[in-house]
Amino acid sequence: FFFFRFFVSLTMMQSLFLKRSVLNRFSIVASRSYCINIDGSEAFSLAHHRRLQQLMRTKRYQQAQNYYESLLRKGLQPTLTTQYIVADLLVRQDKDGEAFNQLEQQKEESSYVDARVYNPLISAFATNGKISKAEELVDTMKRENVSLNGGTYSALVRGYSQEGSMDKAMEIIETMRAAGVIPNQHTYTNLISGYAKIGKTEIARAVIDQVKADGSLPTNQMYQFLIAGYFRQGDVDEALSVVDEIKSSGAELDVRTYNSIVNGYTMNGMFDEARGIVNDMKENGIVPNVFTFNSMIRGYCNKEMFSNAIKVIEEMKEDGIERMRQTYSIIISGLIKAEKPQEALDTIEQLREDGFYPLSYMYTDIAALFEKQGDEERAREIINFSQQEREAFITSKQKRREALKEDQADNNPQVADFDF
């Protein structure tokens with residue numbers, strides 16, 4: 001494939017990657033609980049970043065923003081990682097104007113404006129379906145004579161790859177090469193993901209082959225995207241050949257790679273094979289996680305094998321695997337789709353017993369099914385119960401928040417008004 005002439009040697013890639021790992025504005029000393037800037041001020045730590053990302057993964061965006069602002073009020077200084085997280089947070093909430101204002105503020109406060117000031121917002125736009133706004137920012141950089149760097153190009157490649165616009169992604173790669181910027185493994189991973197997503201698995205595999213030819217080791221994530229691509233096409237043999245390739249290279253299969261295989265088997269209705277992989281994981285000392293079992297559950301629900309899906313939850317309990325609300329949501333959504341409202345209600349009760357709060361759409365959709373089936377009285381009962389439960393939840397949440405503030409006031413009066 002002629003367009004892979006842009007690949008470069010591993011040594012050059014590693015050198016450039018190390019240079020780019022330096023933060024823009026801070027040199028910091030990190031520990032598990034804090035980060036200290038060279039000027040002695042405290043910065044956002046790894047623990048703070050993980051908490052922000054956890055809140056965002058569960059779409060608790062306002063709570064994440066409150067947490068971020070509370071840390072600022074404590075006097076903590078954002079790092080470059082913080083800037084990426086916050087830009088992503090704002091764009092996910094469609095607060096683009098606020099994100100632009102933050103960028104302008106950072107430009108004013110920076111003694112030297114380079115690509116690293118722009119990249120967090122470019123990345124946020126590119127990865128949240130707003131690639132045109134990312135391009136506008138790139139145009140602004142060019143007008144202001146700010147050179148694009150690897151992070152800028154990689155964000156654009158990722159954005160186009162997520163959209164399946166691989167021709168545009170390749171154009172960015174060519175532009176990147178022409179500017180003397182070396183693509184790194186993250187860039188190549190995005191290419192593999194993009195090609196596998198649109199069904200061009202042979203090109204995705206060619207990227208991996210070229211990475212190896214250049215003396216680099218493909219990452220497990222690269223292989224995972226390729227495995228998933230083959231399974232989506234129903235090409236189980238090719239997917240398994242990728243697994244054999246990983247093993248022959250001397251690399252070990254990690255839990256995510258195993259999960260890709262389990263998900264692929266269940267996607268193709270091969271439940272015995274999926275179960276065999278789960279057993280292999282246990283024998284090889286790899287503990288299946290919630291995502292392993294969620295894949296099994298989703299596969300069963302797609303085939304309307306709901307009793308099997310429920311048995312998987314029981315297995316998770318026996319093995320000590322923590323469930324997620326999503327674990328139950330997969331089954332509830334499947335039952336709603338299959339127009340089995342009573343079974344869906346029964347599963348909601350299991351969800352509640354496991355300590356999770358049902359989402360409002362669950363009751364709404366179930367009530368609609370009862371109404372469709374002619375049981376309007378039952379539908380009204382469910383809606384009324386849902387409203388009462390919602391009010392009770394809000395009241396309980398307010399009480400917990402007040403108790404937390406009282407506890408903070410007792411232990412740290414100066415932060416008593418923080419809303420965590």
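**Exercises on charged side chains and backbone**

Arg-323 is buried, its relative accessible area being 18% (buried is under 20% relative accessible area, exposed is over 50%, partly exposed is in between, with a 1.4 Å probe and protein chains only). The model is predicted: local features need pLDDT of at least 70, side-chain atom pairs count only at pLDDT 80 or more, and totals for chains, interfaces and linings use all residues. Residues are numbered from 1 along each chain as its sequence is written, and side-chain values use heavy atoms, without hydrogens and water.

**Exercise 1.** Find which residue meets Arg-323 in a salt bridge, and state where both partners lie.

*Solution.* 
- Step 1: The partner of Arg-323 is Asp-354, with 2.9 Å from N to O (a salt bridge is a side-chain nitrogen of Lys or Arg within 4 Å of a carboxyl oxygen of Asp or Glu).
- Step 2: Asp-354 sits in the loop between α19 (341–353) and α20 (360–372), and Arg-323 in the loop between α17 and α18 (325–337), so the pair ties together parts 31 residues apart in sequence. Helices (H or I, at least four residues) are DSSP runs, numbered from the N terminus.
- Step 3: Arg-323 is buried, whereas Asp-354 is partly exposed at a relative accessible area of 21%.

**Exercise 2.** Identify the salt-bridge partner of Arg-275, and decide whether that partner is buried or exposed.

*Solution.* 
- Step 1: The side chain of Arg-275 meets that of Glu-315, at 2.8 Å from N to O.
- Step 2: Glu-315 counts as buried, at 15% relative accessibility. Arg-275 is partly exposed, with a relative accessible area of 24%.

**Exercise 3.** State how many salt bridges a search of the whole structure finds, and describe the one formed by Glu-144.

*Solution.* 
- Step 1: The search of the whole structure gives 21 salt bridges.
- Step 2: In one of them, Glu-144 pairs with Lys-107, and the closest N and O atoms are 3.4 Å apart. This pair links distant parts of the chain, 37 residues apart: Glu-144 is in the loop between α7 (131–143) and α8 (150–163), and Lys-107 is in helix α5 (residues 96–109).
- Step 3: Lys-107 is buried, its relative accessible area being 15%, while Glu-144 is partly exposed at 39%.

**Exercise 4.** Work out which residues form a positive surface patch, and which helix gives the largest share.

*Solution.* 
- Step 1: The members are Arg-60, Arg-325, Arg-390, Lys-397 and Arg-400 (patch residues have over 30% relative accessible area and no salt bridge, and like charges are joined within 9 Å).
- Step 2: Helix α21 (residues 376–411) supplies the largest share, three residues.
- Step 3: Arg-400 is found in helix α21. Its relative accessible area is 47%, which makes Arg-400 partly exposed.

**Exercise 5.** Say where Lys-59 and Glu-339 are placed, and what phi is near in Lys-59 and in Glu-339.

*Solution.* 
- Step 1: Lys-59 is in the loop between α2 (46–57) and α3 (61–73). Its phi is near 60°, a positive value in a residue other than glycine.
- Step 2: Glu-339 is in the loop between α18 and α19. Phi of Glu-339 is near 60°, again positive in a residue other than glycine.
- Step 3: Lys-59 is exposed, with a relative accessible area of 64%, and Glu-339 is partly exposed at 37% relative accessibility.

Definitions and conventions:
Patch = residues over 30% accessible without salt bridge, like charges linked within 9 Å, V, L, I, M, F, W, Y side chains within 5 Å. Areas by Shrake-Rupley, 256 points an atom, 1.4 Å probe, with all protein chains shown as cover. Lys, Arg positive; Asp, Glu negative; His and termini not counted. Charge placed at Lys NZ, Arg CZ, Asp CG, Glu CD. Helix = DSSP H or I, 4+ residues; strand = E, 2+ residues; numbered from the N terminus.
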